[in-house]
Amino acid sequence: MPKILGILGSPHPYGGSGTLLRCALYAAEELGLETELIELYRSKLEPCVGCVQDEEPTCKYPCIFEDDGREILQKLKTAEGYILASPVYWYGPSGPLKILIDRMTALENMVALGEPSYVEGKVVGIITVGADAGVTLAGAYLLSVLNAMGAMIPPWAHAYSHRGKEALFDDRAVMDAINVGRLVAGLILRVRGGEGPLAYLEDFDLLKRIRARVGEEKKKWEAQHEPKPAGSSRKSGP
Ligand SMILES: Cc1cc2nc3c(=O)[nH]c(=O)nc-3n(C[C@H](O)[C@H](O)[C@H](O)COP(=O)(O)O)c2cc1C
């Protein structure tokens, strides 16, 4: 079964970008695709040190670093598609997602060794969430960069919300995120010679069902991660 990797560039698993990413992945699963969500804030990723500048390219897969980036690059190499979801941090993606993009040079730079870019033909969708300006700029940046590495972009490939951590209650953004998942899945299925959607679907029953599922998960996660009352970790007085 073809696989889509969801890459979350937010420190909040169930914040705006995390919830919309889950909506997209569940919509792709409904079309029969396998999905996996990687939270970059749980990973140790060294920043790129620019080996690509060497004349004899040391910048190649699987990268010189033996950190969590190695496994993530391996998963990016084998998956058929990616959905990148990020909060907007100063008009761009978050720092960890930018670090991953730089580290993906090790996949793209295989062209310098006479191979195709390992990102070539991957199908990509994007989700960006902010509270102010910059959501479309950050999304356009991510789409351009992934395409510059060789990825394909389906129709309606960018979902965004200005509602910050409340993005799950932004109907348009949820519908768009569901369509990002459907259409990334659809293009993957078509490329493999099968049937798959390539048109936007306005389906409010699907929206309600997927939002309810993600909302339930979010509630459970929040119940397990309730902030402790201030001072609760202090020992009681003498
Ligand atoms: C360092 C930082 C920079 C931010 N810059 C922007 C920005 O340029 N534009 C914007 O719309 N929101 C900006 N925000 C707000 C976040 O995008 C917003 O809180 C969003 O909900 C975070 O996504 P998340 O809920 O998925 O973590 C910024 C937040 C932080 C912490």
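Q: Where is Trp156 found, and what makes this residue count as partly exposed?
A: Trp156 is in the loop between H5 and strand S5 (158-161). This is a predicted model, and in it Trp156 has 17 C-beta neighbours inside 10 Å. Buried would take 20 or more and exposed 12 or fewer, so 17 makes Trp156 partly exposed.

Q: What is phi of Trp156 near?
A: Phi of Trp156 is near 55°, a positive value in a residue other than glycine.

Q: Which loop holds Tyr91, and what is its phi?
A: Tyr91 lies in the loop between S3 and H3. Its phi is positive, about 70°, although Tyr91 is not a glycine.

Q: How do you know whether Tyr91 is buried, exposed or partly exposed?
A: Count the other C-beta atoms within 10 Å: Tyr91 has 14.

Q: Why is Ile178 called buried, and which helix is it found in?
A: Ile178 is found in helix H6 (residues 171-191). It has 27 C-beta neighbours inside 10 Å, and the cut-off is 20 or more, so Ile178 counts as buried.

Q: Which residues is Ile178 in contact with, leaving aside its neighbours within four places in sequence?
A: With those neighbours left aside, Ile178 is in contact with Cys23, Ala24, Ala27, Leu206, Leu207 and Ile210.

Q: What makes strand S1 largely enclosed by the rest of the structure?
A: In S1 (residues 3-8), 5 of the 6 residues are buried, so the strand is largely enclosed by the rest of the structure.

Q: How do you know that S1 and S2 pair, and in which sense do they run?
A: Pairing needs at least two bridges, and 6 join S1 to strand S2 (residues 34-39), so the two strands pair. They run parallel, and Leu8 stands opposite Glu39 in S2. The chain crosses from S1 through H1 to S2, and this β-α-β crossover is right-handed.

Q: How many bridges join S1 to S3?
A: There are 5 bridges between S1 and strand S3 (residues 81-87), which run parallel. Against the cut-off of at least two, that makes them a pair. Leu84 in S3 is the bridge partner of Ile7, and Leu5 stands opposite Tyr82.

Q: What makes S3 a strand with both faces covered?
A: Gly81, Ile83, Ala85 and Pro87 on one side are buried, and so are Tyr82, Leu84 and Ser86 on the other.

Q: Why can the buried residues of H3 be said to line one face of the helix?
A: The buried residues of helix H3 (residues 95-103) are Pro96, Leu97, Leu100, Ile101 and Arg103. Seen down the axis of H3, they fall within an arc of 165°, so they line one face of the helix. They pack against S1, helix H2 (68-78), S3, helix H4 (105-108) and helix H5 (135-148).

Q: What joins Tyr61 and Pro62?
A: A cis peptide bond joins them, with omega about 15°. Pro62 lies in the loop between S2 and H2.

Q: How many residues surround the ligand?
A: The shell has 20 residues, and the closest are Gly15, Ser17, Pro87, Gly130 and Gly164. Helix H1 (residues 16-29) gives the most, with 3 residues.

Technical notes. Residues numbered from 1 in each chain as written. Predicted model: local features only at pLDDT ≥ 70, side-chain atom pairs only at ≥ 80, totals over all residues. Near = placed C-beta within 6 Å. Helix = DSSP H or I, 4+ residues; strand = E, 2+ residues; numbered from the N terminus. Right-handed = clockwise from strand over helix to strand, strands pointing away. Arc of directions from axis to C-beta. Contact = placed C-beta atoms within 7 Å.
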